[in-house]
Amino acid sequence: AVSTLPASPDDPSGDRALVRSLDSGHLLALLSDGMGSGAAAAEESGQGGGLLQALMRAGIDRELAVDTVNGVMLARGGEEVFATADMLLIDLARGRAEFTKLSASRSYILRGGRVLTVEGGKLPLGILEKVEPGLAEVKIRAGDVIYMTSDGVSDVLTEEEMEQVMLSQ
């Protein structure tokens with residue numbers, strides 16, 4: 001499931017989130033957060049996240065998809081435009097989860113009463129010509145619950161509070 005909440009009730013959320021099945025037998029979860037809040041942030045996250053989703057659904061390699069979206073955002077030029085990208089690709093047959101993080105907040109895996117963390121990435125999309133995402137691969141087990149959050153959550157909850165929320169589920 002996905003949920004977003006705007007910084008102000010009168011503005012759209014600057015976060016875009018989705019979960020989609022891919023023809024390749026993978027599950028794609030994507031969270032993108034545009035710079036700032038409101039309509040401009042929603043446009044940035046929508047463009048970056050939407051294009052990344054489309055490329056992944058078309059079967060494009062993860063690295064090429066990230067480089068392509070980064071290039072498109074850089075080509076807009078003239079103004080500071082960037083978006084975080086937090087992408088999770090799960091191979092449903094093998095139970096392998098690949099996290100690709102570009103200036104994304106930590107992700108969490110709730111497993112048997114314990115909380116495991118997957119560290120966030122480095123620079124966001126649209127800042128430098130070549131981006132190097134944070135990458136992590138994790139073996140997923142039956143019963144695991146994965147939480148992906150933007151800075152809207154990590155700016156409000158401490159690590160301890162986040163763990164308490166997950167463990168209370």
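Reader: How many cavities of 30 Å³ or more does a search of the whole structure find?
Author: This is a predicted model, in which local features need pLDDT of at least 70 and side-chain atom pairs count only at pLDDT 80 or more, while totals for chains, interfaces and linings use all residues. Residues are numbered from 1 along each chain as its sequence is written, and side-chain values use heavy atoms, with hydrogens and water left out. On a 1 Å grid over the protein atoms alone, a cavity is a set of points where a 1.4 Å probe fits but cannot get out. With 30 Å³ or more as the limit, the number of cavities found is 1.

Reader: What volume does the largest cavity have?
Author: Grid points are joined across faces, edges and corners, and a volume is the space filled by probe spheres set on the points. For the largest cavity, this volume is about 30 Å³.

Reader: Which elements give two or more residues to the lining of the largest cavity?
Author: Lining residues have an atom within 4 Å of a point, and here they are Y108, T149, V153, S154, L157, T158, E159 and M162. Helices (H or I, at least four residues) and strands (E, at least two) are DSSP runs, numbered from the N terminus. Two or more lining residues come from each of α3 (151–154) and α4 (159–167).

Reader: How do the residues of this lining of the largest cavity divide into nonpolar, polar and charged?
Author: Ala, Val, Leu, Ile, Met, Phe, Trp, Tyr, Cys and Pro count as nonpolar, Asp, Glu, Lys and Arg as charged, and the others, Gly among them, as polar. The lining of the largest cavity has 4 nonpolar, 3 polar and 1 charged.

Reader: Which element gives the largest share of the lining of the second largest pocket?
Author: A pocket is an open set of points with protein on both sides within 12 Å along at least five of seven lines. The second largest pocket has a volume of about 160 Å³, and its lining includes D61, R62, E63, V66 and D67. The lining divides into 4 nonpolar, 1 polar and 6 charged residues. The largest share, 4 residues, comes from α2.

Reader: Which residues have the most contacts inside the largest nonpolar core?
Author: A nonpolar core is a set of buried Ala, Val, Leu, Ile, Met, Phe, Trp, Tyr and Cys residues joined through side-chain atoms within 4.5 Å; buried means under 20% relative accessible area, exposed over 50%, and partly exposed in between (1.4 Å probe, protein chains only). The largest core has 18 residues. At least two of its residues come from each of β2 (26–34), α1 (38–57), α2 (62–76) and β3 (83–91). The residues with the most contacts inside this core are L28, L52 and L125.

Reader: How many residues does the second, separate core have?
Author: In soluble globular proteins, nonpolar side chains tend to be buried together. The second core includes L88, A97, F99 and V118. Its number of residues is 9.

Reader: Is T84 buried or exposed?
Author: T84 lies in strand β3. Contact means heavy atoms within 4.5 Å, and beyond its neighbours within four places in sequence T84 is in contact with L31, S32, D33, L102, S103 and P124. Because its relative accessibility is 14%, T84 counts as buried.

Reader: In which elements do R62 and E98 lie?
Author: A salt bridge is a side-chain nitrogen of Lys or Arg within 4 Å of a carboxyl oxygen of Asp or Glu, and the whole structure has 7 of them. R62 and E98 form one at 3.1 Å, N to O. The pair ties together parts that are 36 residues apart in sequence, because R62 lies in helix α2 and E98 in strand β4 (residues 96–102).

Reader: Which residues do salt bridges that share partners join into one network?
Author: E119 forms a salt bridge with R106, with the closest N and O atoms 2.9 Å apart. This pair links distant parts of the chain, with E119 in the loop between β6 (114–118) and β7 (134–139) and R106 in the loop between β4 and β5 (107–111). Salt bridges that share partners form one network of R106, E119 and E159.

Reader: What is the phi of S103?
Author: Most residues other than glycine have a negative phi. S103 lies in the loop between β4 and β5. Although S103 is not a glycine, its phi is positive, at about 55°.
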